Amino acid sequence: MLHLSSKRQLLLLFSFYCFSIVIGSFFSMQLLKFTSGPATKLSLIVISIFGFLIPSYLAFRVFSQGKLSSYWRLDTGFSFKSFLLSVLIMGCCIILMNWLAEVNIQMPLFNWMKKEEVDASNKFQQYIKMDSWQQLLLNLTVFSLIPAFCEEVFFRGTMQPLWYKCLPKPWLAVFITAFLFSLLHFQFQGFLPRFLAGVVFGGIFYLSGSLWLSISSHILYNSSVVLLNYANQHSQVNIISLGKILLNPLLLIVAALGMAILFFQMYQGRYKKYYYNK
């Protein structure tokens, strides 16, 4: 165990991330060379594991002598009420994210950013094609379960507590972590909605003390994207029409107020034992 300041731990965590993501990208590219079709989704799993889970584990090994579950805040239980509040908060967040996505699309981008967005969108549409319920389950695993767990362990379980130790206000740590969460996805037209999602995940984690709630909220959002695409592909839901319905100003106001009230409810029952020890 290295006895380092929180700032140096953060720098080392980013070093772990850079080192691991390079190795993960190499393995991912090798998979894309030798595989085709659904098997290429293995490359996305590799990126999630190398980009987020491995750096988090290295941080645990270097910075902590305790249990892994305690370091990542996976040993803190939660009540059914907290779980229900987190689900309702995420529902409100999804409505607001749809509006922020429309705002984000109107923002000017450099040509190289636009090219990256088009390439990423085309790849996603190829990966997300689902002709059967087996492919639906595969996509739920690849795009929802694995990324949600790996990303929450890295951003909320490992990074956010380190930011809190460096900063005077806990919510400042939540916002900075959310900013980096959105930035490191390198998808510029989705920056604002993903930033809001990061704030929600971080707020739920901070107030509940349990990483499982932020993981479940993340899974809920990711799963909604996969399920809506599945329904759209099988002519059960029109995503474009649904998106326009969710832009109703009254609905947006209700969602914003609802999320504020639900967060206040969670704040009143917040985790008493502060798990961020400075």
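Contact here means heavy atoms within 4.5 Å of each other, and the legends below describe close-up views of a predicted model.

**View 1. Surroundings of M159 in the largest nonpolar core.** When its neighbours within four places in sequence are set aside, M159 is in contact with L10, L13, F14, F154, T177 and L180. M159 belongs to the largest nonpolar core, a set of 56 residues in which I89, M159, V200 and M259 touch the most other members. At least two residues of this core are supplied by each of the helices α1 (6-34), α2 (41-63), α4, α6 (133-166), α7 (170-183), α8 (191-208), α9 and α11 (249-268). Another core lies apart from it and consists of 10 residues, including I45, M130, L136 and Y230.

**View 2. The salt bridge between E152 and R156.** The side chains of E152 and R156 meet in a salt bridge, with a nitrogen-to-oxygen distance of 2.6 Å. Both residues belong to helix α6, where they stand 4 residues apart, or about one turn of the helix. E152 and R156 are both buried, and the count of salt bridges in the model comes to 1.

View 3. The residues F78, F80, F83, L84, V87, L88, W212 and L220 make a nonpolar surface patch of about 720 Å². The elements that give two or more residues to this patch are α4 (80-105) and α9 (211-233), and the largest share, 5 residues, comes from α4. F78, by contrast, is found in the loop between α3 (68-71) and α4. Because its relative accessibility is 41%, F78 counts as partly exposed, a class that lies between the limit of 20% for buried residues and that of 50% for exposed ones.

View 4. R73 lies in the loop between α3 and α4, and its phi is near 60°, a positive value in a residue other than glycine. With a relative accessible area of 10%, R73 is classed as buried. T76 is found in the loop between α3 and α4 as well, and its relative accessible area of 10% likewise makes it buried. From this position the side chain of T76 reaches the backbone oxygen of G209, at a distance of 3.2 Å.

**View 5. F186 in the loop between α7 and α8.** F186 lies in the loop that joins α7 to α8. The phi angle of F186 is near 55°, which is a positive value in a residue that is not glycine.

View 6. P193 lies in helix α8 and is buried, since its relative accessible area is 7%. When residues up to four places away in sequence are not counted, P193 touches M97, L100, A101 and N104. For one of these residues, N104, the C-alpha atom is separated from that of P193 by 7.9 Å, although the two residues are 89 residues apart along the chain.

**View 7. I47 and S48 in helix α2.** I47 lies in helix α2, and S48 is found in helix α2 too. The relative accessible area of I47 is 27%, so this residue is partly exposed, whereas S48, at 6% relative accessibility, counts as buried. Leaving out neighbours within four places in sequence, I47 is in contact with I21, G24, S25, S28 and F52, while the contacts of S48, under that condition, are with L53, I146, P147 and C150. I47 can also be placed relative to F27, from which it is 20 residues apart in sequence and 8.6 Å apart in space, taken from C-alpha to C-alpha.

Methods. Residues are numbered from 1 along each chain as its sequence is written. This is a predicted model: local features need pLDDT of at least 70, side-chain atom pairs count only at pLDDT 80 or more; totals for chains, interfaces and linings use all residues. Side-chain values use heavy atoms; hydrogens and water are left out. Patches are made of residues with over 30% relative accessible area and no salt bridge: like charges are joined within 9 Å, nonpolar side chains (Val, Leu, Ile, Met, Phe, Trp, Tyr) within 5 Å. Accessible areas come from the Shrake-Rupley method with a 1.4 Å probe; for residues, only the protein chains shown count as cover. A salt bridge is a side-chain nitrogen of Lys or Arg within 4 Å of a carboxyl oxygen of Asp or Glu. Buried means under 20% relative accessible area, exposed over 50%, partly exposed in between (1.4 Å probe, protein chains only). A nonpolar core is a set of buried Ala, Val, Leu, Ile, Met, Phe, Trp, Tyr and Cys residues joined through side-chain atoms within 4.5 Å. A polar contact is a pair of N or O atoms within 3.5 Å; within protein, one must be able to donate a hydrogen and the other to accept it, and residues adjacent in sequence count only if both atoms are side-chain atoms.
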